[in-house]
Amino acid sequence: MKTREIEKVVKGSRQIDGAGVHLVRVFGHRDVKDFDPFLLLDAFDSTNPDDYTKGFPWHPHRGIETITYLISGQIDHMDSLGNKGTIRAGGCQWMTAGSGILHQEMPIASDRMLGAQLWVNLAAKNKMAEPKYRDITADMVPVLKSENGEIRIISGTYEGTKGAMQPDYVQALYLDAMVYAGKTMTIQAKSNENLFVYVVEGSGTTGEKSSPIQSHSAVLFDKGDQLIFTAGGDGLRLLLVSGESLEEPISWGGPIVMNTRQELNLAFEELENGTFIKHEKF
C-alpha cells in the first residue's frame, strides 16, 4: 500500500471574471498537463456581496464539463436548453457543455459565498456530445461519518458507496472531506488516477512525510493507493478530485476547449454566425 505524497502545490491568483466577480483562479492554462483531465479550478470565498453579485451573464461553453459546488451561499442559473434553478449550500450543478451551450450563473447576496467551479476536459470522441445538465441537491449527497471526520461523495463511488451522480464521461471521484481537529483520516485512492485536493479551510499535514498543507491551495499528489491527512487545531476541510488523464492535445480559447486550433476557430466562427448551438430548447 503506497501512500501518496505531494508532487506540486499551487496557490493561484486573485482575478476578476464574468461581469465583475472576485475569485481565485487556483489553477488553469499553465497547469493543464499536470492536472489532466482537470482544466481549471476557480475558488470563491467572500462575505462581501459586492465581490460576486454581478455574476456571470450569458456565455458559451464547448468541449468541457463545468462543476459548480457550493458549501455556502446561493447561485441562480439558467441555460439555452431551458434549464433553470438555484444551487444552494451543499448542492452542485454538473453541466456537460459538449457540442455547445449558453448559460448564466448569478450569485445571490448571502452571509458567505463559499465554493468552487471545476472544469473537466472531454475526450476528443466526446467533445461534441449532446449537452446535459444535472442538478445535485444537498440531500442527494451521501455522507460517510467516523470519529475522525466525514466525507461527502458528490460523484463517483467511494468505499462501496455511490455518490450523488455517476459521470457520463471522465469518471471523476469528487469528495468533500472534513477531518476533525487533531484527527487523522486515511482516504483510499485509485493508483492509476490523477488526484488533487483543494484545501478549503484549516490546515494540517499529509502523507507519511507529514508535509504541511494550508487553506486556499491546491495540492497535486503523486501516484499511490491512499492518502493520509492530519488536521491542525482548526480542523481541515478539503475537496478531493480524482480521474484518469486523457493525454490529448488541447486548444483552449476562453470558455471553449477543443483538441485543435481548427476546431477552436470553427467554434468561434459558429458563435459569430449563429450556428454554435446544435441542440435547441426542449
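This briefing describes selected features of one predicted protein model. Residues are numbered from 1 along each chain as its sequence is written, and side-chain values use heavy atoms, with hydrogens and water left out. Because the model is predicted, local features need pLDDT of at least 70 and side-chain atom pairs count only at pLDDT 80 or more, while totals for chains, interfaces and linings use all residues.

**Largest pocket**

- The largest pocket holds about 430 Å³ of space. A pocket is an open set of points on a 1 Å grid over the protein atoms alone, with protein on both sides within 12 Å along at least five of seven lines.
- Its volume is the space filled by probe spheres set on the points, where grid points are joined across faces, edges and corners.
- The lining is made of 25 residues, and those closest to the centre are Asp17, Arg25, Asp42, Phe56 and Gln117. A lining residue has an atom within 4 Å of a point.
- At least two lining residues come from each of strand S3 (21-27), strand S4 (38-46), strand S5 (56-61), strand S10 (101-107) and strand S11 (113-121). Strands (E, at least two residues) and helices (H or I, at least four residues) are DSSP runs, numbered from the N terminus.
- S5 gives the most to this lining, with four residues.
- Sorted by class, the pocket lining has 13 nonpolar, eight polar and four charged residues. Here Ala, Val, Leu, Ile, Met, Phe, Trp, Tyr, Cys and Pro count as nonpolar, Asp, Glu, Lys and Arg as charged, and the others, Gly among them, as polar.

**Largest cavity**

- There is one cavity of 30 Å³ or more. A cavity is a set of grid points where a 1.4 Å probe fits but cannot get out.
- The space in the largest cavity is about 40 Å³.
- Its lining consists of Ala43, Phe44, Asp45, Leu114, Gly115, Tyr198, Val200 and His216.
- S4, S11 and S19 each supply at least two residues of this lining, and S4 gives the most, with three.
- By class, five of the cavity-lining residues are nonpolar, two are polar and one is charged.

**A four-stranded sheet**

- Four strands form an open sheet in the order S5-S10-S7-S8, with antiparallel pairing. Two strands pair if DSSP finds at least two bridges between them.
- S5 and strand S8 (84-88) are the edge strands, each pairing on one side only.
- S5 and S10 run antiparallel and are joined by four bridges.
- Histidine 59 has histidine 103 in S10 as its bridge partner.

**Aromatic pairs**

- The structure has seven aromatic pairs. Rings of Phe, Tyr and Trp (its six-membered ring) pair if their centres lie within 6.5 Å; planes under 30 degrees apart count as stacked, over 60 as edge-to-face and the rest as tilted.
- Phenylalanine 27 and phenylalanine 196 form an edge-to-face pair, at 5.2 Å centre to centre and 85 degrees between the planes.
- This pair links distant parts of the chain, with phenylalanine 27 in strand S3 and phenylalanine 196 in strand S19 (residues 194-206), 169 residues apart.
- Phenylalanine 27 is buried at 1% relative accessibility, and phenylalanine 196 is buried at 1%. Buried means under 20% relative accessible area, exposed over 50%, and partly exposed in between (1.4 Å probe, protein chains only).
- Phenylalanine 221 and phenylalanine 229 have ring centres 6.0 Å apart and planes at 90 degrees, so this pair is edge-to-face.
- Phenylalanine 221 is buried at 1% relative accessibility, and phenylalanine 229 is buried at 0%.
- One aromatic cluster is formed by Phe27, Phe35, Phe38 and Phe196.

**Backbone angles**

- Aspartate 36 and proline 37 are joined by a cis peptide bond, with omega of about 15 degrees. Proline 37 lies in the loop between helix H1 (32-35) and S4.
- Glutamate 159 is not a glycine, yet has a positive phi of about 50 degrees. Glutamate 159 sits in the loop between strand S15 (157-158) and strand S16 (161-162), and is exposed at 54% relative accessibility.
- Histidine 216 has a positive phi near 60 degrees and is also a residue other than glycine. Histidine 216 is in the loop between strand S20 (211-214) and strand S21 (217-221), and is partly exposed, with a relative accessible area of 34%.
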